[in-house]
Amino acid sequence: MPDGILVFIEQRQGRLKKSSLEALSEAKRRISEIGGEVAALLVGDKVAGLSAEVAKYGPKKILLAESAELAQYSTEAYAGALADAIKKFSPKFVFAANTAMAKDLIPRVAARMDLPCVSDVVDLSTADGKLIATKPVFSSKAQAKFEFVDGSGFLTLRPNVFARSESQNGASPQTEPVALSPVTVRARVVETHAAEGGKVELGEASIIVSGGRGIKGPENWGVLQNLCDVLGAALGASRAVVDAGWIDHQHQVGQTGRTVSPQLYIACGISGAIQHLAGMSTAKVIVAINKDPEAPIFKLANYGVVGDVLEIVPKLTEEIRRLKESS
Amino acid sequence: MKIAVCVKAVPDTATKIAIAADKTHIEKTGVRFIASPYDEFAIEEALKLKEKLGGETVAFSLGGDEVTDVLRDALARGMDEAVHLKDELFADLDPLSTAKMLALAIANGGFDLILCGQQGVGGDNNQVPSLLAELLNLPQANVVVKLEIENSKFKAEREIEGAHEIVEGSLPVVISAQKGLNEPRYPSIKGVMAARKKEIAVKDAAALNAKEKLAATKVKLVELVPPPARTQGKKIEGDADAQVKELVNLLRSEARVI
């Protein structure tokens, strides 16, 4: 009888994804309503050393799927490992953070198990003992609430939305190996290139400074990068400036770009087309700096500054730097 | 080289969305349907590969009447054939059931390559390409910005967080297209005229031999709700120095985010 929640914990090159720990924290918050236990799954080569960090978030068990074949992510090898862990633990639900890896992996395994999947979940609740997953649809112009008909399935959770909380319960989890079935890998990662640009990754950044047409030209990215540097923020961009060739697509926020949910989003010279809002409207605090007081971005912004980005942003950078240095 | 492209008809991304009275659909009246923007990159890649390697291209789409114009547009761009999976039983399918229907339509077609958009705009699930690859028992590469095909092998560059991965493998394969893969062409007038004369094949559940598998829709839409309202924002007035001082003060003491 399936029971409990299995949380897929993502690591690359031995580094844990913060958003996986958010998914694990949310699984812990939901487990009393769902029943059973929470298990965390680590997949990779020699990843047992990451158990101590995962254990802080209070899973009852940590399952380890380890082999040399799993050192580098490949859809088929990882799908095999996750499927083996599911057979072993027999969970009602599988949680993962909605990352590039999960978007590739989770539906593949869901199809193998013939179970449904709801992606990019931003809220969870229960009604009549059934889990209800809420996700944005139609460019965040609506939200859809989904029910798992058979009370079982996969969920990927939007990063930065669910709180990460260490467990108060000090009991250390059991660690168990997962016996791996043989897998034929037909598509392999042969190289990985770091993308050009920002030092902080957009998807997991707690602060994003984003630029649009209002920065006037690609020569002015440095103005925004300085603000990023004092805030430890990631650099984002609107579609207009990506299409104009001012910056790489990797930075684009919105439809046909990245969906982000930071604590603070500073939109600099971005008018706020619906396609842009689709990618950032779940940010906790939005600041808009734009010289057009009628720009749609102001409807969404918690704080609106009508003014020239190239005048405001350097002053803002200086003010924050002064503040950080004095505190 | 035989290439299948899966296309989804979605409301134009600039459209206002109104939730219908039943709370589980949107009002379709007056809404213009287009191919999901990522699917345009998939179509373009199929056309470019055909130009280079020869072969045949077939577009598949599941949905109601809104699909016809989208498939007609794919033909106008140069796709050879179009197949519309259409049945009352296909209404409101979840991604897994949708993928099952597409897999039934594609499975025995002898395709070397199956291209999709990386995400169907609207539902925004990013699921169908991976589901389809599993159901067809094929390798996959998702969110691809560069694709090379040679001697029954593929080399795909895909976007991950802060990096690109180069994935290699053998055909057949399922590839999902990301922005940047190519520059989609517009249909030519000649293409539009030719597309009018082409027939769109319609396949229903019976033609796909699909009745049994349909029962598998396992996730139910309970309701659509408007997005959570954001609190009324503050306009910060004054000269630039005063604005900056007040903004920093609010971010620090009111919003507590810096």
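Which residue in E16(A) is the bridge partner of Ile208(A)? In this predicted model, the bridge partner of Ile208(A) in E16(A) is Tyr265(A), a pairing that belongs to the five bridges joining strand E14 (residues 207–211) of chain A to E16(A).

- Strand E16 (residues 264–268) of chain A has five of its five residues buried, so the strand is largely enclosed by the rest of the structure.
- Leu264(A), Ile266(A) and Cys268(A) point one way from E16(A), whereas Tyr265(A) and Ala267(A) point the other way, and all of these residues are buried.
- In a regular strand, side chains alternate between the two faces of the sheet.
- E14(A) and E16(A) run parallel, and Tyr265(A), the partner of Ile208(A) in that pairing, is one of the buried residues of E16(A).
- E16(A) also pairs in the parallel sense with strand E17 (residues 285–290) of chain A, over five bridges, and within this pairing Cys268(A) stands opposite Ile289(A).

**Extent and make-up of the interface**

- The contact between the two chains draws on 76 residues from chain B and 88 residues from chain A, and together the chains bury about 7200 Å², of which 56% lies on carbon and sulfur atoms.
- On the side of chain B, Glu161(B), Lys218(B) and Arg230(B) lose the most area to chain A, together accounting for 11% of what that side buries.

**Polar and charged contacts across the interface**

- Nine salt bridges are found across the interface of chain B and chain A, and 47 residue pairs, both members at pLDDT 80 or more, are in polar contact there.
- Helix H8 (residues 240–254) of chain B supplies the largest share of the side of chain B that touches chain A, namely 11 residues.
- By class, that side of chain B consists of 36 nonpolar, 20 polar and 20 charged residues.
- The side chain of Lys218(B) meets that of Asp114(A) in a salt bridge, with an N to O distance of 3.2 Å, and Lys218(B) is also among the residues of chain B that lose the most area to chain A.

**Strand pairing between the chains**

Terms used: Residues are numbered from 1 along each chain as its sequence is written. Chains are lettered from A and ligands numbered from 1 in the order in which they are written. This is a predicted model: local features need pLDDT of at least 70, side-chain atom pairs count only at pLDDT 80 or more; totals for chains, interfaces and linings use all residues. Side-chain values use heavy atoms; hydrogens and water are left out. Contact means heavy atoms within 4.5 Å. Buried area is the accessible area (1.4 Å probe) that two parts lose on being put together, summed over both. A salt bridge is a side-chain nitrogen of Lys or Arg within 4 Å of a carboxyl oxygen of Asp or Glu. A polar contact is a pair of N or O atoms within 3.5 Å; within protein, one must be able to donate a hydrogen and the other to accept it, and residues adjacent in sequence count only if both atoms are side-chain atoms. Helices (H or I, at least four residues) and strands (E, at least two) are DSSP runs, numbered from the N terminus. Ala, Val, Leu, Ile, Met, Phe, Trp, Tyr, Cys and Pro count as nonpolar, Asp, Glu, Lys and Arg as charged, and the others, Gly among them, as polar. Buried means under 20% relative accessible area, exposed over 50%, partly exposed in between (1.4 Å probe, protein chains only). Two strands pair if DSSP finds at least two bridges between them.
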